[in-house]
Amino acid sequence: MADDYLVRIGKLIRDARQHRGWTQAQLAEALGTSQSAVNRIERGNQNISLEMIARIGEALDSEIVSLGYAGPMHLRVVGGRRLSGAIDVKTSKNACVALLCASLLNKGRTVLRRVARIEEVYRLLEVLSSIGVRTRWINDGGDLEIVPPADLALDAIDAEAAVRTRSIIMFLGPLLHRTDRFRLPYAGGCDLGTRTIEPHMIALRRFGLEVAATEGQYHAVVDRSVHPDRPIVLTERGDTVTENALLAAARNDGVTVIRNASSNYMVQDLCFFLEALGVRVEGIGTTTLTVHGVPVIDVDVDYSPSEDPVEAMSLLAAAVVTESELTVRRVPIEFLEIELAVLEEMGLDHDRTSEYFADNGRTRLVDLTVRPSKLEAPIDKIHPMPFPGLNIDNVPFFAAIAATAQGKTLIHDWVYDNRAIYLTDLNRLGGRLQLLDPHRVLVEGPTRWRAAEMMCPPALRPAVVVLLAMMAAEGTSVLRNVYVINRGYEDLAERLNSIGAQIEIFRDI
């Protein structure tokens, strides 16, 4: 019982620290203790006095003892409300996590502008902090500064944080340049079924990396005599696979050609960042990338990741499902053109501004205004394809959109094993979705949404789809344990409230 109490207190302290935007190292400095001590406290592995709790509460400007809860976060949604006004799209979650991993290539100071303050980023910051990387939020918490140590303390890696993010797999590419042997915890993240890392291994073996997976860890060994002697052909045109190959190629002494590469938004942002580090990358936006590696990277770099097309799609879907007129600003249009073309065929009434550039000077943005529309089911099935096809992460939003349209829509989510199954959670809210097999769902609309209380699906995009349906349903719904949403969206409930939603955050007492 005592151990459980310590774990609950530790979680409260961790949540308060993250809300403040501090790393474990920053809290340790304020308390005059070590980062490892803060880590033990947050894990519930260290006895803690009331005096220390009070000191932590004062440092974090949070009354830890009086909070009265340690359970998961829930959302109470009063639905049936129309949205209105305008909302800006935040920076890309997937670009930010890739750039955090890429910062390990650089011996100098990296500043990333307007980083998404989400759980996935927090987990990576905890991992980076545990191995000696100094990170801190600057400019009123809007930007992130990253300064690596001369030597990484990989044996001290925060395994608990690492296993809660799939992004840890992208440490392999940078780390193979820094040490001959290292271990990483297994990658985690959303529950989307079994996904092999073999495409990563096939690419990274060409740089001398061999990995054995045993006892919950990847055991990596690097042969420095091995370098790519011909183009690397990726066996999967995946985003993280391409990013890992890019990260390995960036410090490879020579020219690396990567074929069947993803040209998706986060890969392009990573390429732009590598160019800021002095690495020349040819073919950005295509499926063949030529990387002119730089063996030593030691520069001070300042970079602004672009906006998130999947968040933009989330906000557009929110407007469609709630039959609202809404302007979504700073939409990376290049990565939503197929989605918008499909929605136009379904009858969506919308318009867009002229294009302008994101802060990185490369990504094209527009402002989109969506109006209430009478939608018809598309003739063809909805299915994802590698960019420039319909984005894999945007497929779930079409389940909610199709549920508002007249007719039947077939959605084929061929990439993930489980995600289509989670979409049938919409049936609890009045949807009519028929699961044909683990990858195909037939959606019949229009839907008269109804309020319900339910657990959050364990996958990010289906979880947000459920939230959007609750916003459309008359009455009060409850969505329990929304950690998975916080992994990919910053302050989503508050931001939706700013445009007319009524969503209350609460925890069990």
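Guide: We begin with burial, where a residue counts as buried when its relative accessible area is under 20%. The model shown here is predicted, and in it F273, with a relative accessible area of 0%, is therefore buried. Y303, at 6% relative accessibility, counts as buried too.

Visitor: How are the rings of F273 and Y303 arranged as an aromatic pair?

Guide: In general, a pair of aromatic rings is described by the distance of the centres and the angle of the planes. The structure holds three aromatic pairs. One of them can be read as follows: the rings of Y265 and F335 have centres 5.9 Å apart and planes at 65 degrees, and because planes over 60 degrees apart count as edge-to-face, this pair is edge-to-face. Y265 belongs to helix α11 (residues 265-276), whereas F335 sits in the loop between β14 (326-332) and α13 (337-346), so that the pair links distant parts of the chain, 70 residues apart. Both Y265 and F335 are buried. As for F273 and Y303, their pair is likewise edge-to-face, with 5.8 Å from centre to centre and 70 degrees between the planes. Since F273 lies in helix α11 and Y303 in strand β13 (residues 301-303), this pair ties together parts that are 30 residues apart in sequence.

Visitor: Which residues form one aromatic cluster?

Guide: The cluster is formed by Y265, F335 and F387. Rings can also be read against charged side chains: R76 lies over the face of F506, at 4.0 Å from the ring centre, and R117 lies over the face of W137, at 4.2 Å from the ring centre.

Visitor: How many residues of helix α5 are buried?

Guide: The general idea is that an α-helix has 3.6 residues a turn, so residues three or four places apart point the same way. In helix α5 (residues 93-102), 10 of its 10 residues are buried, and the buried residues include K93 and N94 as well as V97, L99 and L100. At the start of α5, a side-chain oxygen of S92 comes to within 3.3 Å of the backbone nitrogen of N94.

Visitor: What surrounds N106, and is N106 buried or exposed?

Guide: N106 is found in the loop between α5 and β3 (110-112), and at 0% relative accessibility N106 counts as buried. Its side chain is joined to that of T110 by a polar contact of 3.2 Å. Leaving out residues up to four places away in sequence, N106 touches P148, L277, I297, D298, V299 and V301.

Visitor: Which residues have the most contacts inside the largest nonpolar core?

Guide: That core has 152 residues, and those with the most contacts inside it are F171, L467, M471, L479 and I485. Helix α16 (residues 460-472) gives the most to this core, with 11 residues. Beyond its neighbours within four places in sequence, L479 is in contact with residues including H74, L75, C456, L467 and I485; of these, C456 is buried, with a relative accessible area of 11%. Another core, of 17 residues, lies apart from the largest one, and A16, A28, I41 and I48 are among its members.

Notes: Residues are numbered from 1 along each chain as its sequence is written. This is a predicted model: local features need pLDDT of at least 70, side-chain atom pairs count only at pLDDT 80 or more; totals for chains, interfaces and linings use all residues. Side-chain values use heavy atoms; hydrogens and water are left out. Buried means under 20% relative accessible area, exposed over 50%, partly exposed in between (1.4 Å probe, protein chains only). Helices (H or I, at least four residues) and strands (E, at least two) are DSSP runs, numbered from the N terminus. A polar contact is a pair of N or O atoms within 3.5 Å; within protein, one must be able to donate a hydrogen and the other to accept it, and residues adjacent in sequence count only if both atoms are side-chain atoms. Rings of Phe, Tyr and Trp (its six-membered ring) pair if their centres lie within 6.5 Å; planes under 30 degrees apart count as stacked, over 60 as edge-to-face and the rest as tilted. A charge sits over a ring if NZ of Lys or CZ of Arg is within 6 Å of the ring centre and within 35 degrees of the ring normal. A nonpolar core is a set of buried Ala, Val, Leu, Ile, Met, Phe, Trp, Tyr and Cys residues joined through side-chain atoms within 4.5 Å. Contact means heavy atoms within 4.5 Å.
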